[in-house]
Amino acid sequence: MTDFPHYLLEGYGQYKGKTYTRLQEDYENLAIYGQEPKVMVISCCDSRVTPEGIFHAGPGELFVVRNVANLVPPFENDLGTHGTSAALEYAVTALKVEHIVVMGHCKCGGVQAFRESGGKLGQTGQFVGPWIKLLEPAAISLACTPVEPNDDPQLGMEYAGVRQSLNNLMTFPFVEKQVKQGQLKLHGAWFDIGSGELRIMDGETKRFEPATDFLKGELEEDAKA
Ligand SMILES: [Zn+2]
């Protein structure tokens with residue numbers, strides 16, 4: 001007997017019978033030779049935002065960390081239990097990923113909780129409150145130097161949170177070193193759940209532009225094929 005959710009058992013049956021069978025050789029090689037992902041993705045826990053699905057990635061391709069509101073905390077030189085920082089350290093120093101993508105998304109509950117807290121973050125939860133407080137510098141930068149028209153405060157805060165996490169990434173000495181040596185690139189992205197639109201942050205303007213703008217030629221080729 002088990003009270004393990006039956007729909008998960010059924011899903012596993014589908015995976016083992018179809019996905020695993022199709023990719024069996026890849027899985028066997030990954031088990032033997034280890035993982036060598038080139039990309040780390042930092043995404044939200046939100047069940048609607050799945051990095052492997054959005055980037056059509058297979059096993060071994062993405063090193064993914066998901067946390068509430070896709071946040072990277074600043075580097076802290078203490079003995080705290082920093083889960084996201086530990087994953088970051090492993091990705092950069094051991095796996096030597098070449099890209100880190102911080103991916104925000106629409107209707108982010110973590111961002112919304114921060115916006116609605118009115119400074120009373122304690123009411124958002126013992127652990128959630130201090131965590132989403134990491135958005136505070138983003139809110140200040142948004143108020144002082146808005147990058148785009150702030151007619152949608154939730155969206156503006158979601159973008160600002162991604163920019164803040166990219167700034168925080170650079171406070172980690174091992175990230176800063178790899179970036180300055182040209183061996184690591186940092187990227188911002190944002191995903192619209194309803195439309196499936198992905199936006200990518202322009203490295204110079206810091207504005208978010210549709211990913212399809214960078215893909216145009218290829219999409220047209222696909223449509224013809
Ligand atoms: Zn979220």
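This is a short chat about a predicted model.

User: Before we start, what kind of model is this, and what counts in it?
Analyst: It's a predicted model, where local features need pLDDT of at least 70, side-chain atom pairs count only at pLDDT 80 or more, and totals for chains, interfaces and linings use all residues. Residues are numbered from 1 along each chain as its sequence is written, and side-chain values use heavy atoms, with hydrogens and water left out.

User: Okay. How is the protein chain divided?
Analyst: Into domain 1 (1–34) and domain 2 (36–224). Those bounds come from an automatic or database domain assignment. The C-alpha centres of domain 1 and domain 2 lie 29 Å apart.

User: Which residues coordinate the zinc ion?
Analyst: Cys-44 through SG, His-105 through NE2 and Cys-108 through SG, at 2.0 to 2.3 Å. Donors here are N, O and S atoms within 2.8 Å of the metal (3.2 Å for Na, K and Ca), and water is not among the atoms, so sites may look incomplete.

User: What spacing do the donors follow along the chain?
Analyst: For the zinc ion it's C-x60-H-x2-C.

User: And His-105 and Cys-108, buried or exposed?
Analyst: Both His-105 and Cys-108 are buried. Buried means under 20% relative accessible area, exposed over 50%, and partly exposed in between, using a 1.4 Å probe and protein chains only.

User: New topic: how many disulfides does the structure hold?
Analyst: The count is 0. A disulfide would be a pair of cysteine sulfur atoms within 2.5 Å. Take Cys-45, which is in no disulfide: its nearest cysteine sulfur belongs to Cys-44, 5.6 Å away. Cys-106 is in no disulfide either, with the sulfur of Cys-108 the nearest cysteine sulfur at 9.3 Å.

User: How accessible is Cys-106?
Analyst: Cys-106 has a relative accessible area of 10%, so it's buried. Cys-45 is partly exposed, at 42% relative accessibility.

User: Let's do rings. How many aromatic pairs are there in the whole structure?
Analyst: A search finds 9. Rings of Phe, Tyr and Trp (its six-membered ring) pair if their centres lie within 6.5 Å; planes under 30 degrees apart count as stacked, over 60 as edge-to-face and the rest as tilted.
One of the pairs is Phe-63 with Tyr-90, which is tilted, at 6.0 Å centre to centre and 45° between the planes.

User: Where do Phe-63 and Tyr-90 lie?
Analyst: Phe-63 is in strand 2 (residues 62–67) and Tyr-90 in helix 4 (residues 83–94), so the pair ties together parts that are 27 residues apart in sequence. Helices (H or I, at least four residues) and strands (E, at least two) are DSSP runs, numbered from the N terminus. Phe-63 is buried at 15% relative accessible area, while Tyr-90 is partly exposed at 42%.

User: Which residues form a ring cluster?
Analyst: Ring pairs link Tyr-12, Tyr-15, Tyr-20 and Tyr-27.

User: Last one: where is Arg-163 found?
Analyst: In helix 8 (residues 153–169). Arg-163 is buried, at 12% relative accessibility.

User: What is Arg-163 in contact with?
Analyst: Leaving aside neighbours within four places in sequence, Arg-163 is in contact with Val-147, Glu-148, Met-201, Lys-206, Arg-207 and Phe-208. Contact means heavy atoms within 4.5 Å. With Lys-206, a polar atom of the Arg-163 side chain lies 2.9 Å from the backbone oxygen.

Terms used. A polar contact is a pair of N or O atoms within 3.5 Å; within protein, one must be able to donate a hydrogen and the other to accept it, and residues adjacent in sequence count only if both atoms are side-chain atoms.
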